[in-house]
Every structure is written in C-alpha cells, then in structure tokens.
Amino acid sequence: MISYLQIENLSKSYGDKVLFTDINFGVLQGQKIALIAKNGTGKTSLLNIIAGKDSQDSGDITFRKDIKLGYLEQIPEMDENNTVINELFNSTDPVLSVIRDYEKMVESGQEDGMTEILEKMDLHKAWDYEVKVKQILSKLKITNFDQPISQLSGGQKKRVGMAKVLITDPDFLILDEPTNHLDLEMIEWLEEYLKKSKGTLLMVTHDRYFLDRVCNEIIEMDSNSIHSYKGNYTYYLEKREERILNQNAEAGKAKSLLKTEQEWMRRMPQARATKAKSRIDAFYELKKKAQQGYWEDKMDIDIKSARLGKKILEFDNLYKSFGDLKILEDFSYKFQRGEKIGIIGKNGTGKSTFLNIITQNIEADSGNIEIGETVVYGYYKQDGIKINENQKIIEVIKEIAESIDLGNGKEMSASQFLEYFLFPTKTQYNLVSKLSGGEKRRLYLMTVLMKNPNFLILDEPTNDLDIMTLNVLEDYLMNFKGCLIIVSHDRYFMDKVVEHMFVFEGQGKIRNFPGNYTIYRDTQAEEEQKQKQVEKPVKVKKEKPKSTTKTKMSFNEKREFEQLEKDMESLNEEKEELETAMSSGTLSNDDLMTKSGRIQEVIDLIDEKEMRWLELSEIGN
C-alpha cells in the first residue's frame, strides 16, 4: 500500500511541559485511523503539527507528494468579515473558484460574463461537483449563504468548517473532534459519509460509536509510547486490556527478581567496582522494566449527595416561545427519585432553554413549576464557566471548599479531591492557563460535583473530555442516587447512562420515550418503515417457478420489455433537460437544490430499468 504520511522521532514541549518524545507512526492510503490519548498529552498539538499549523521541536514529517490535505480544527479559523458563501469557497482550488464565481453571478442576477462562466463550469466538469457541494451543505443545514461569519454560533461555525473541508474532496482528511457541536442527525450522516468514503482519514474523537463504525485502526498515545491496533474501537479495548495484563505480568516478574539483585548489590560492594559490570548493567535494566507496569489512575467520585425528599420537580402545563419559535407547548411531567433522563433533538429546538427553565434562569411564559425543598441542583453548562487563567488549579477548588464531605464522617481535602480527578500533586500548583481544553472541562466538572448535588443537569458534558475520563464519569453517573438530566450527542454515553428520553421534535413537541438512545432509534426506524409500507403498499405476486431452460419471453415480459425502452428514453430526456436547466444559470438556489436531488433519482431509475432490460434481453424473443 502507498504511504501517505510518515512520522519519525517527533517531539514537542511547551516550556517545561513535555507532550511527546520520539514518537513514530505512519498512515497508508485508504486507512481510517483514530488517535486516542488522555487530555493534555498533545493530541491537538500533534494534529496541528502534521497539518503545518505548528512546528515540532525535533523529528520528521513526510507526506506523499501531490496529495490534497483537508484539516478540520477543533475550533475552525475563519475570517469574521466573510459571508458564509465567501468563506466556503475561499480556496485556490480551480473548480471551487469557478463554482464560487458562478454562485455569485446567479445570486446577483448578473448576465454579463455568464457565457464564459458556463464554459468554465463545463471545462472543469464542475456541475457534478456542485451537486455534491449542495448535498453536503444541505445535510449540514447550511442554507443562508449571505450570513456573516461574525453572526454564527460556535456550532454553526463548526458546520461551516466541516463543509469547507469536505467540499474540497481531499485525499487525506484530518479531523479534530468532528462531532462536537453537531446534532445526532448530522453525526449519523457524517458517520455514513466517512464510512463510504475511499479517502484516507486521521482523526481525534471521543465518540465511541463513531470510532467503532468508521475507523479500521486505533493509535493510542500513552506515556510517550505509540501503540497501534489494527481494528475498530471494540477490538482496541480488547487488545489494550491484553497488552496491559502482559505488561503488568512482566513488571511483576521483574520486581520479584529485582529483590534478589538488590540484595546482591548491597552485599557486593567490591564487585560493583570491578568484576560484575555486566550484572550491574542488567540490574538497572531490570529496575527500569519493573517500573513499567501499567496501573491506571482511578477517578473515585463516589461523593455524598444531599438527601432528596419525596417531592422533587413537577411541571404543569408549561408554555414557552420566542416569537414564532415554540419551545414548550402544554408540557407536564413529574420527576421520580433516581430518574436518569436523556434529552436529544436538533439544534434550535430548545434543549438548553429547557434546562434554564428547570434551573429558573429563564421563566416559562405560562404554567406552573414546583421544586422540592430538598433539591440541590448541580448544573454543568455547555459554555462552561469563566475560570481565572492566572489562578492555580488548587486555588479554584479551595475557593469552593477546603474539604469535601464523603459521608459516614469522612472528608477529603481539596488536594486529595484533585488527585482523584487525575490532577497529580505536582501539577496542582500549575496555572489554569497551562491546562488543555479537556483538562479545563474536567476541572469545571469537579466544581459542579463537589457541591454534593442531588439533581444533576449536564449540558453536553462529553465535549472535549477524553475517553478515559468518560468511562469513569459514566460509572459515577450509573451509581448516582439522585435525579439526572443529560443533553448529549454522544450516543454511547447516553446508552450507558440514561433509561428514559425526552425527544425535542420542534415547535414545542416533546416525545416522552421509555428507553435509551439505541432503543429509541430502532423504534423510530421501525415506525418509519411501517409508514412507508402504508404509503406504498407492496403487491406480492405469485409467480410460477421459472424454468432454467427458458429461451423466450412471455407475452407480459414482451410488454414489459417494450415499456422499459419507452421509460428509459423518457428518463434520459428528463436527465438532459435537468442538466440543461442546471447549467443555464437562471435557477434560484432552491430550484437548483430540487433539481440536483431529482437528477440523482432519475439516474438511479435509469440504472434500475437498464438492469431489468438486460435481464429480459438475455431471454430473447
């Protein structure tokens, strides 16, 4: 296979913080690789270095010549003064440049120079390319091309950045947390798009279903070492466990032998200076091996929760709208102790607004909310909190409490609490500014949980957290005795933690569904299938067994054969008409989208009828 990328002895530090040292790996054409590592170990820095956005301290990066690289950063860089269309087509790619000029002329109604542009579109075969571009923009819900980038939300900018990368059709795609800020519908579309793509992929993501379904190799960066696993995420978990068990077994044997060798070193001072140099060297190698056991830090967050009374939270006929946009319409619900509810829905359907109504940061237009006297909220907001970057990590925690109540008369100091959250003692006096985005998220999570809440509200808690932290957070939430509401696009996380769903369907409609995310999606798929069967009933015809020696068409087959020829002629004429209309430059964006969708349907029908025509033609007359 052809090598697209080779990394050799790559090292990177920021001041006294070493991210990675002398790492080596390669990417071959067609591979779909995920990079996994703990927060703060340099995943994003590594991608930035590979993409040329940052420089390494030492080592070599070698790309295959003439490959087109596409890079989606975790927070895409954009010109705030650009409109969406200008930012999307801000490229030196000749095909994109032609499409950009064509779009501008269509939008403005300009006719002067249109003939020349149409000739360029034909020359670069840009029509098919434009159809693909329109499909990508449509799936990512990018429709207002004239909106300034400065007016977009973080999620909208992420989608524009995603579209900008995908429409260039790169040979080698690098993605840093591509599912952050995308809703579930878009994530599932992107998942299918990348699965079907023949391109090469290197990405960082915490979405484990995404990893399982898209990637065919996992690279784990751990303690300055690279471990490669030829398989998806499920395979990686299995083989990683085997590696750790073997590593610990070898370290255990080395420790047993080390006791003997240490005794020899103490008893033989003369030998150390003269005759046993090889044994002394072997002793230090053995000592190094004994220290290489793998004992992961365990985050123990079984913290005492405030007692939850009989009455918790009750909604009665709630209404909430912003102008014509309905968020809640006659919504009622009574929370029970220990309920774990997941909230899903498209962006803009009011999920975060709902959380703010629960916590009384926003008032409902009408209806009644009753909150039990014992309820203590712990609210993890999607946009985080403002932490003083010049504070030390331990100061952030001590500002909330010097110690944490664990129940049964036990307490934990702020420093011990940080240890449990994987902030070792030696790092606790570092400034917050030195933390990675994921480490800051973990610190923020600490500030929520340490207040002993009995009703947790988590708005997109999985963004920027590493997989190791997510696994432990899931364990904690599964054992949490209070009430829990989670808004998340992480399907794996939702499946493990929640047992009930609120599905925000838009315009105030909320579906109350008993079950986790996968059960909901399976149920939804079954409902859609049944609906299709109702709309298009399938007639099952009883056919006589076909003779294997059949040489002539039946009367009905002859009629079908003649009709197929007429249908194919008609469809080919429609295809030509659609192509002419799409290249005329007179269509609006909506008409262009409609016709680009129809032309794909026509092409599929032609293929289907041609296959049947060939089957019948083999029978003969």
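Which residues in helix 3 meet which residues in helix 5?

Entry 1: I worked on a predicted model, where local features need pLDDT of at least 70, side-chain atom pairs count only at pLDDT 80 or more, and totals for chains, interfaces and linings use all residues. Residues are numbered from 1 along each chain as its sequence is written, and side-chain values use heavy atoms, with hydrogens and water left out.

I looked up the contact (heavy atoms within 4.5 Å). Val95, Leu96, Ile99, Tyr102 and Glu103 in helix 3 meet Ala126, Trp127, Tyr129, Glu130 and Lys134 in helix 5. By class, I noted seven nonpolar, no polar and three charged residues in this contact. Here Ala, Val, Leu, Ile, Met, Phe, Trp, Tyr, Cys and Pro count as nonpolar, Asp, Glu, Lys and Arg as charged, and the others, Gly among them, as polar.

Helices (H or I, at least four residues) and strands (E, at least two) are DSSP runs, numbered from the N terminus. The axes of helix 3 (residues 94–108) and helix 5 (residues 126–139) come within 10 Å and cross at roughly 75°; axes are lines fitted to C-alpha atoms, for helices over the stretch in contact, and angles run from 0 to 180 degrees between N-to-C directions. Helix 3 and helix 5 are therefore roughly perpendicular (65 to 115 degrees).

**Entry 2: salt bridges.** I searched the whole structure and found 29 salt bridges (a side-chain nitrogen of Lys or Arg within 4 Å of a carboxyl oxygen of Asp or Glu). In one, the side chains of glutamate 116 and lysine 120 meet at 3.9 Å, N to O. Both residues lie in helix 4 (residues 114–123), four residues apart, about one turn of the helix.

**Entry 3: cavity.** On a 1 Å grid over the protein atoms alone, a cavity is a set of points where a 1.4 Å probe fits but cannot get out, and a pocket is an open set with protein on both sides within 12 Å along at least five of seven lines; lining residues have an atom within 4 Å of a point. Grid points are joined across faces, edges and corners, and a volume is the space filled by probe spheres set on the points.

I found one cavity of 30 Å³ or more. The largest cavity has a volume of about 70 Å³. Of its 13 lining residues, Ala37, Lys43, Thr205, Asp466 and Ile467 are the closest to the centre.

**Entry 4: pocket.** I put the second largest pocket at about 580 Å³. Its lining has 29 residues, with His181, Asn347, Gly348, Lys351 and Gln382 nearest the centre.

Key. Angles under 35 degrees count as roughly parallel, over 145 as roughly antiparallel, 65 to 115 as roughly perpendicular and the rest as oblique.
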